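Welcome! Here is a friendly tour of one protein model and its ligand, arranged by topic so that you can follow along in the viewer.

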Amino acid sequence: MRQDGAQGLARRALQALEGAASDRAVDELVLSTDASELGRFVVSRRYADLGAFRTPQLRNVGITAPYMHDGSLATLSDVVEFYRRGGGANAALDPRLGPLELTDPEAAALVAFLEALSSQAPRSVDPPGESAGDR
Ligand code: HEM
């Protein structure tokens, strides 16, 4: 999150949501403005949640590009490079996180590992008992 202006962005988000705190209002706000930068704060309204994001599962991550809450990283290689740099510098970043000292072959192996978490199976399947294989 760009911390400069985060407070202002948070204030504007709260104003926009005033009297319309439904999930739908939150969805519309984060899709139509840069309020998604605020992370979980938009839902919880707790300042401690500024810039906090749920850690997503990595199942099928090879077929769910683009990545991160804002789709800002196009490929898994971009994600690994992002982590190699230590993530995006911002005031909400945990100070325990820093650059990853990976060699190029290690980074390539990590991308290959992430790709291996994806299945060739269809992303949505019939309920048990109704698919062709069960007949
Ligand atoms: C080398 C180690 C790591 C790898 C390979 C990795 C991989 C990934 C990938 C592929 C995504 C994108 C998922 C998606 O958009 O569907 C992601 C997002 C995320 N990861 Fe990691 N991760 C690593 C380390 C960490 C660590 C150490 C943390 C927390 C301490 C973390 C927390 C998160 C969070 C919160 C997101 C979502 C960010 C957002 O929505 O903008 N990751 N990670």
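Among contacts in the protein chain between residues at least 6 apart in sequence, 50% join residues at least 24 apart; two residues are in contact if their C-beta atoms, placed from the backbone, lie within 7 Å. Please keep in mind that this is a predicted model, in which local features need pLDDT of at least 70, side-chain atom pairs count only at pLDDT 80 or more, and totals for chains, interfaces and linings use all residues. Residues are numbered from 1 along each chain as its sequence is written.

**Overall build**

- The protein chain has 5 helices and 0 strands, where helices (H or I, at least four residues) and strands (E, at least two) are DSSP runs, numbered from the N terminus.
- From the N terminus on, its elements follow the order α-α-α-α-α.
- The chain is more spread out than a compact globule, because its radius of gyration is 19 Å, well over the 14 Å that the globule rule gives for 135 residues.
- That radius is taken over C-alpha atoms, and the globule rule is 2.2 Å times the number of residues to the power 0.38.
- Along the principal axes, the C-alpha atoms of the chain fill a box of roughly 55 × 45 × 20 Å.
- Of the 135 residues, 10% count as buried; a residue is buried if 20 or more other C-beta atoms lie within 10 Å of its own, exposed if 12 or fewer, and partly exposed in between, with C-beta atoms placed from the backbone.

**Two domains**

- The domain assignment gives domain 1 (6–49) and domain 2 (61–115), with bounds that come from an automatic or database domain assignment.
- Between the C-alpha centres of domain 1 and domain 2 there are 26 Å.

**The nonpolar core**

- Which residues make up the largest nonpolar core? It has 8 residues in all: Ala6, Leu9, Ala13, Ala35, Leu38, Phe41, Val42 and Leu50.
- α1 (6–17) and α3 (41–44) each supply at least two residues of this core, and α1 gives the most, with 3 residues.
- A nonpolar core here is a set of buried Ala, Val, Leu, Ile, Met, Phe, Trp, Tyr and Cys residues joined through C-beta atoms within 7 Å.
- Leaving aside neighbours within four places in sequence, alanine 13 is in contact with Leu29, Ala35, Leu38 and Val42.
- Alanine 35 is found in the loop between α2 and α3, and it counts as buried because 21 other C-beta atoms lie within 10 Å.
- Not counting residues up to four places away in sequence, alanine 35 touches Leu9, Ala13, Leu29, Val30 and Val42.
- Alanine 35 and leucine 114 are 79 residues apart in sequence, and their C-alpha atoms are 29 Å apart in space.
- Glutamate 37 is also found in the loop between α2 (23–32) and α3, and it is buried, with 23 other C-beta atoms within 10 Å.
- The C-alpha atoms of glutamate 37 and glycine 51 are separated by 6.3 Å, although these residues are 14 residues apart along the chain.

**Around the ligand**

- How many residues surround the ligand? There are 16, and the closest are Phe53, Thr55, Tyr67, Met68 and His69; a residue is near a molecule if its C-beta atom, placed from the backbone, lies within 6 Å of it.
- The elements that give two or more residues to this shell are α4 (76–84) and α5 (104–115).
- α4 provides the largest share, 4 residues.
- By type, the shell divides into 13 nonpolar, 3 polar and no charged residues.
- In this count, Ala, Val, Leu, Ile, Met, Phe, Trp, Tyr, Cys and Pro are nonpolar, Asp, Glu, Lys and Arg are charged, and the others, Gly among them, are polar.

**Backbone details in the loop between α3 and α4**

- Most residues other than glycine have a negative phi, and most peptide bonds are trans.
- Methionine 68 is in this loop, and it has a positive phi of about 75 degrees although it is not a glycine.
- Methionine 68 is partly exposed, with 14 other C-beta atoms within 10 Å.
- Arginine 45, found in this loop, has a positive phi of about 60 degrees although it is not a glycine.
- Arginine 45 counts as partly exposed, with 13 C-beta neighbours inside 10 Å.
- Proline 66 lies in this loop as well, and the peptide bond from alanine 65 to proline 66 is cis, with omega near 0 degrees.
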